[in-house]
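I opened this one with my notebook beside me and jotted down what I looked up, in the order I got to it.

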Amino acid sequence: MMGPSHALSGAAAWLAGSWALDQFASVSQSPLEVAVGTAICAGGALLPDLDMSGKVTKNQGGATVARTFGVASLFVAEVVEKFSLGVYTATKLSRDPRRDNGHRTFTHTLPFCGLLGWGTTALADHYGQWAVVGIVFFMAGLALRGLFDKWAERAGWVIVTLASAVIAWFTAANLPGDRGYPLLGMAVGVGCFVHILGDMITKNGVPILWPLPIRRRMWMMVGIPNSMAVKVGGKVEVVVLRTVFTVISLLSIAGLFIPSILEKLNLDVWASK
């Protein structure tokens, strides 16, 4: 799937999950916590495509996520792509084909999701507020680039970077310091996992079962048959799936906040009598 679809699916997953936790596990979050988690999950849903690099010197090409912060993020994508290719080459078995790029390899696996989620939580827990600010800054930039792709393309990476900095500063100033670290890591991990699920319904699939060897292949691509696969950038993705993700997001927001708003209004009415 394309970047905007991945980001929207991450946002929908986090909002729906937050609603479910609120309804069935009594895990409540403030509006700011929900917003931060949604942004981080939306950004996390772009992270696996950091293995699709472009041309660093010309500030061109690459996946949506690779263009978020200009040359800096393109360079990171170049490093991630080469690292992923290295992992593939080092672990492939006899029936795995030879590859010259690392796209849809290591960053499209369950261990990557787990490592990113655990690493985010550990980083925030060890270094505290400054790490949280950095995580929110980076992930908010990815979310802006994905959710508002056309605006971000017109505005350019400098404006996206400045907007991310403002979001990070506002979060640091208002988010309680004793909550949210596990949720930060969970949001990143869930976002990565949702990305993998999205790619599983497109052509070629993903190596979600790595590193389990299957029929002399370590990198078995798992997905639906190509004849049934969603065309990247096609009507099913752009119209149907994005509409579904949007509806899920809006219904989840309504379920999370409308009851408390109505309750407050009723209390205010009773207090005025």
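This is a predicted model: local features need pLDDT of at least 70, side-chain atom pairs count only at pLDDT 80 or more; totals for chains, interfaces and linings use all residues.

**Entry 1: Ile196**

I began with the surroundings of Ile196 and found that Ile196 touches His108, Thr109, Leu110, Cys113, Val206 and Ile208, once residues up to four places away in sequence are set aside. Ile196 sits in helix α8. Is Ile196 buried or exposed? Its relative accessibility is 0%, so I wrote Ile196 down as buried. I also checked a distance to Ala45, which is 151 residues away from Ile196 along the chain: their C-alpha atoms are separated by 8.4 Å.

**Entry 2: Ile135**

Next I went to Ile135, which has its place in helix α5. Ile135 has a relative accessible area of 10%, and it counts as buried because the cut-off is under 20%. Which residues does Ile135 contact, apart from its neighbours within four places in sequence? I noted Thr120, Leu123 and Ala124. I then looked up Ile40, which is 95 residues from Ile135 in sequence, and the C-alpha to C-alpha distance came out at 8.4 Å.

**Entry 3: the chain as a whole**

I stepped back to the fold. I counted 9 helices and 2 strands in the chain. Read from the N terminus, the order of elements is α-α-β-β-α-α-α-α-α-α-α. How does the radius of gyration sit against that of a compact globule? For 273 residues the globule value would be near 19 Å and the chain has 20 Å, so the two agree. Along the principal axes, the C-alpha atoms fill a box of roughly 80 × 40 × 35 Å.

I looked at burial too, and 43% of the 273 residues are buried. For contacts with a separation of 6 or more, I noted that 70% are between residues 24 or more positions apart.

**Entry 4: annotated spans**

I checked the record next. The unreviewed UniProt entry carries the annotation "transmembrane region" for residues 130-148, 155-175, 181-198 and 240-262. I looked at two of these spans in the model. Residues 181-198 are 100% helix and 0% strand, with their end C-alpha atoms 26 Å apart. Residues 240-262 are also 100% helix and 0% strand, and here the end C-alpha atoms lie 32 Å apart.

**Entry 5: the largest pocket**

The largest pocket has a volume of about 460 Å³. It is lined by 24 residues, and those closest to its centre are Met1, Met2, Gly3, Pro4 and Thr64. Which helices each supply at least two residues of this lining? I listed α1 (3-24), α5 (129-147), α6 (149-155) and α8 (181-200). Helix α1 gives the most, with 4 residues. By class, I found the lining of the largest pocket divided into 8 nonpolar, 8 polar and 8 charged residues.

**Entry 6: the second largest pocket**

I carried on to the second largest pocket, with a volume of about 290 Å³. Of its 15 lining residues, Ala35, Thr38, Ala39, Ala143 and Leu147 are the closest to the centre. At least two residues of this lining come from each of α2 (31-44), α5 and α7 (157-174). Helix α2 gives the most here, with 6 residues. What is the class make-up of the lining of the second largest pocket? I noted 13 nonpolar residues, 2 polar ones and no charged ones.

Last, I went through the backbone angles. Most residues other than glycine have a negative phi, and most peptide bonds are trans, so I look for exceptions. The peptide bond from Trp210 to Pro211 is cis, with omega near 10°. I located Pro211 in the loop between α8 and α9 (235-272).

Where does Asn204 lie? Asn204 is in the loop between α8 and α9, and it has a positive phi of about 80° although it is not a glycine. Asn204 is exposed, at a relative accessible area of 56%.

Arg216 is also found in the loop between α8 and α9. Phi of Arg216 is positive, near 60°, again in a residue other than glycine. I wrote Arg216 down as exposed, with a relative accessible area of 58%.

Note on methods
Residues are numbered from 1 along each chain as its sequence is written. Side-chain values use heavy atoms; hydrogens and water are left out. UniProt positions are given in the numbering used here, feature names are shortened, and annotations may be inferred rather than shown by experiment. On a 1 Å grid over the protein atoms alone, a cavity is a set of points where a 1.4 Å probe fits but cannot get out, and a pocket is an open set with protein on both sides within 12 Å along at least five of seven lines; lining residues have an atom within 4 Å of a point. Grid points are joined across faces, edges and corners, and a volume is the space filled by probe spheres set on the points. Ala, Val, Leu, Ile, Met, Phe, Trp, Tyr, Cys and Pro count as nonpolar, Asp, Glu, Lys and Arg as charged, and the others, Gly among them, as polar. The radius of gyration is taken over C-alpha atoms; the globule rule is 2.2 Å times the number of residues to the power 0.38. Buried means under 20% relative accessible area, exposed over 50%, partly exposed in between (1.4 Å probe, protein chains only). Contact means heavy atoms within 4.5 Å.
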